[in-house]
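Here is a short briefing to read alongside the structure. Keep the viewer open while you go through it.

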Amino acid sequence: MPPYNARSGENRRKAHRALLIGVDRYEHLGRLPSVPRNLELMKEALTAEGSGVFDPDEVRVLLDPRGRHTVDAALSKAAEEAEGLLVVYFVGHGQVDTYGRNFHLMVAGSKVTRDKSHPFSNALAWHKDVMHWLWESEAEHIVVILDCCYAGNALKELDLNPEKRFALFAAIREGAEIPVARSAGGTRFTREIHRVLTEEPAEGGPLRGGDVLLAQLDTRVREALAGLKAYDGQDWIPVEFHQGDDVVLALGQGEGEGEGADSRYEREPKPDFVPEHDPGAVPHDAFPPRFRNRLWRRRGVRRSLVPLLVLALLGTAGVIVRNLLPGGGGGGCAPSMELRVLTDPDLRATVQKAANAYTKRNPRACRRIGITVYEAKETDAVAAFQGSKAWQSPDGECPASGACFRPQRDLGAQPDIWIPAADSTWRRAQDTSAAASGTGTAARAGSVVSFDRLGPLAFTPMVLAVPDGLSLPPALQTGSPLSGLVSELRSSEPAASVLRSDPEITDGALLATTALYPPTGTAQPSELEQGMAGQLTPMPGTASELMCALAASSENTLEDRAAVLIPEQTMAQFNLRPGDKGRQSCAKDTLSARTAWYPSDVPMLDLPFVHVTWKGAERDAAVRKRAVEDFYRWLTKDVSAQRVFTEDGFRGVTSDRTPAPPDEHSLLKVSANTRAVHADALPPTGPRVTSAVQTDTLRRYREALGPGRVLYLLDTSTSMADKRVLDGSGRAKDLVSRSMNSLGAKDEYGVRSLAPASRKSRPDVVPFGRNDRAAAQRKVDAVKPVNTDARVATGLREALADLRGGPAELDPPRLLVLVTDDEDSAAIKGAALASLVKEAKKAPRVRVVVVSLQGGGCTSGELNRQLTAATGGRCLDPSVDLAKELQAEVAKTGTGDAE
């Protein structure tokens with residue numbers, strides 16, 4: 001197939017869009033002075049006279065957007081209006097989490113938070129925010145260009161839609177940072193793109209006589225950057241990927257041969273470059289409406305409109321001209337009223353589909369209502385409503401730590417509609433007592449918000465989705481409490497794991513966790529949570545993300561042995577097979593199909609539609625109320641609206657507001673799910689969970705995950721020095737020091753030498769306790785080798801005892817890290833080894849991670865294998881990236897900056 005050309009005869013009259021986003025002034029991160037020039041260069045490259053593939057009025061430039069919702073709205077608008085080519089360019093800070101995952105684009109108001117599960121506030125998640133709008137677009141070809149640190153991570157986190165022609169050009173490979181350009185002349189990557197697209201098209205190419213294709217752009221930019229280094233000292237290598245045909249990004253400047261240089265195409269006069277600074281909202285007419293753009297591009301129409309324009313100036317036919325010219329009169333339609341819908345992260349995709357269907361019911365009529373759908377983690381939504389006054393008038397300045405919660409900044413504008421997943425969540429939001437807020441004090445006085453629950457939109461039960469290769473007695477499929485199901489599964493299938501997503505993120509995970517935990521006062525949930533963390537870290541935020549993590553079989557072995565607590569509709573989506581409508585893009589054939597088991601003590605998710613009103617917002621209250629009620633009536637009464645939910649695996653709503661059995665359009669009725677779900681009316685589930693109980697569950701969950709206790713045992717014996725594995729980058733001391741970045745101020749940790757200078761000398765390199773991390777790292781760097789053998793067995797026994805010490809009522813996560821070359825541990829065999837493993841298995845649990853600096857040490861080292869297997873730990877040797885993997889293992893116990 002020929003490459004996609006936006007200026008070919010068949011594509012020339014389609015609506016094309018380019019959105020150029022740049023951030024140089026950050027509130028919480030360093031400045032990037034080269035950004036404004038980058039935006040100038042990109043717009044010039046895309047619109048250059050003779051070679052550009054866009055008209056100037058097809059390119060929008062957004063400089064220094066403060067909030068992610070502004071970018072969200074701009075992406076949505078560009079994605080919706082593009083019919084042909086859609087190009088999205090970003091230059092600014094890119095960030096990943098402690099584990100090197102969770103790629104985010106940072107806007108002006110973004111900050112790194114102290115929440116380890118969601119480390120970035122007011123930032124754009126690549127896979128959830130950016131890719132969401134790109135996949136919603138009907139554009140024929142999509143190109144994303146990223147000029148930021150960690151840009152290559154976008155490819156790793158790419159959920160491909162096989163139906164889309166998509167291309168990504170990233171400034172640097174996965175996990176690498178770009179040296180900051182201190183001048184205002186533009187970054188090196190973007191300068192090279194500009195050079196290739198504006199100076200080289202006449203040189204010709206192998207496919208299209210002079211046009212520059214993305215693949216050729218990648219080659220030429222790589223050549224220009226050859227020899228340059230990334231921040232970590234390794235080669236600076238851009239990353240290019242495309243699915244489907246290649247794409248033309250600059251037209252050849254020859255004599256008009258071929259489609260790329262169509263001499264009949266007329267270009268509008270090029271305006272001066274004026275970047276649009278974010279005023280806090282996206283203008284309604286940021287792009288002219290699609291119909292007027294198409295009409296205006298036609299030369300015959302423009303010639304016809306000139307005399308009409310003259311008549312209009314004389315006072316005749318003015319209305320006609322105003323409605324046809326770009327940018328004038330809004331096409332005869334008044335600006336639509338915008339409804340803002342806040343929803344649970346597990347529901348966003350379906351609610352967005354429903355909102356899109358509602359606004360497009362009559363495409364020929366003027367749109368009276370626009371709908372913006374956004375999500376918030378469950379705990380943030382409840383906290384924001386409980387302290388609703390802060391949504392309108394935030395408290396004073398944040399403390400120096402930056403740890404303050406501001407709903408307008410961190411969540412978005414005040415919603416008109418709230419669709420949580422569970423009825424208990426909106427009831428908890430109304431409860432401002434100390435017991436419900438979880439802060440020990442009542443929420444901020446003076447609520448300015450009111451709720452009107454209109455009714456449920458759909459239903460889905462929380463289920464224990466068990467892989468088909470595991471077994472449970474059929475009699476337990478309904479009517480059994482969750483604890484009984486889990487006990488039975490672990491009894492019959494010892495290798496099975498039980499996982500669920502983060503209970504701070506979604507309603508369903510919180511309700512499941514409440515049923516999963518033992519009663520308060522009987523036992524701590526630390527063992528349970530640490531077991532989950534040992535299986536999968538970081539903990540996924542949503543049910544879909546959890547299933548995608550299981551599908552990533554190259555990173556874990558959970559795809560066929562993990563029973564998961566997820567909504568029934570999520571299980572149904574991931575049971576689909578290749579070719580089935582609705583199959584999730586991250587699903588793999590290796591992911592086992594699952595059967596639903598219905599716990600009797602986990603309440604049903606009922607998707608309540610809650611009308612939210614605010615004091616001080618009465619000006620258009622009556623009109624807004626009618627719009628909200630019309631949307632609700634359509635969602636619950638219109639057959640096509642209910643089908644949006646049932647086709648995604650939800651159960652519909654009966655006339656008496658109870659769950660309807662699946663109909664023929666339901667995802668639950670497809671062949672992959674007919675035997676996996678309970679098709680009849682479901683038995684009643686557990687009673688409503690009170691606000692106080694949910695808040696107590698969250699408290700216990702947070703305590704179970706930290707602060708943690710970590711003790712490093714560092715082999716400093718002669719053999720470590722002789723083998724040159726003690727000093728230097730990527731060696732023992734460096735590995736310990738770098739992994740400390742996963743530890744926070746409230747964690748207790750220390751470092752001990754396994755080879756003290758004498759039996760009387762203290763082995764502590766860093767005394768066990770709370771430490772200043774930088775000071776601890778300096779002490780590790782100063783360690784010298786000792787001319788003696790390592791006392792491995794003695795060191796392990798003492799470390800296990802010390803980690804298990806502390807107040808009996810606390811049960812923090814515990815980790816022991818052994819860093820060794822295996823020379824002195826190889827002699828621990830037979831009874832001595834069995835005794836040591838028995839000691840390691842004792843309660844309370846201490847997870848052991850062994851870092852073997854010997855090639856194949858995790859295969860040949862008997863101590864390494866048995867010790868880590870007995871404690872649910874892990875053995876790391878040079879066959880993996882030791883620095884990255886050790887830091888991730890320590891992060892499962894440490895709090896990092898999450899204090």
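**A buried helix and an open sheet**

What covers the buried residues of α20? Helices (H or I, at least four residues) and strands (E, at least two) are DSSP runs, numbered from the N terminus. This is a predicted model: local features need pLDDT of at least 70, side-chain atom pairs count only at pLDDT 80 or more, and totals for chains, interfaces and linings use all residues. Residues are numbered from 1 along each chain as its sequence is written, and side-chain values use heavy atoms, leaving out hydrogens and water.

**Helix α20**
- Because 8 of the 8 residues of α20 (residues 568-575) are buried, the helix is largely enclosed by the rest of the structure; buried means under 20% relative accessible area (1.4 Å probe, protein chains only).
- Among these buried residues are Met571 and Phe574.

**The sheet**
- Five strands form an open sheet in the order β18-β21-β17-β20-β19, with mixed pairing; two strands pair if DSSP finds at least two bridges between them.
- β18 (478-480) and β19 (497-500) stand at the edges with a single partner strand each, so one side of each has no neighbour in the sheet.
- β19 and β20 run parallel, joined by 4 bridges.
- Arginine 500 has leucine 565, in β20, as its bridge partner.

**Confidence**
- The protein chain averages a pLDDT (the predictor's confidence in each residue, from 0 to 100) of 82, and 83% of the residues score at least 70.

How values were computed
Buried < 20%, exposed > 50% of the residue type's maximum accessible area, 1.4 Å probe, protein only.
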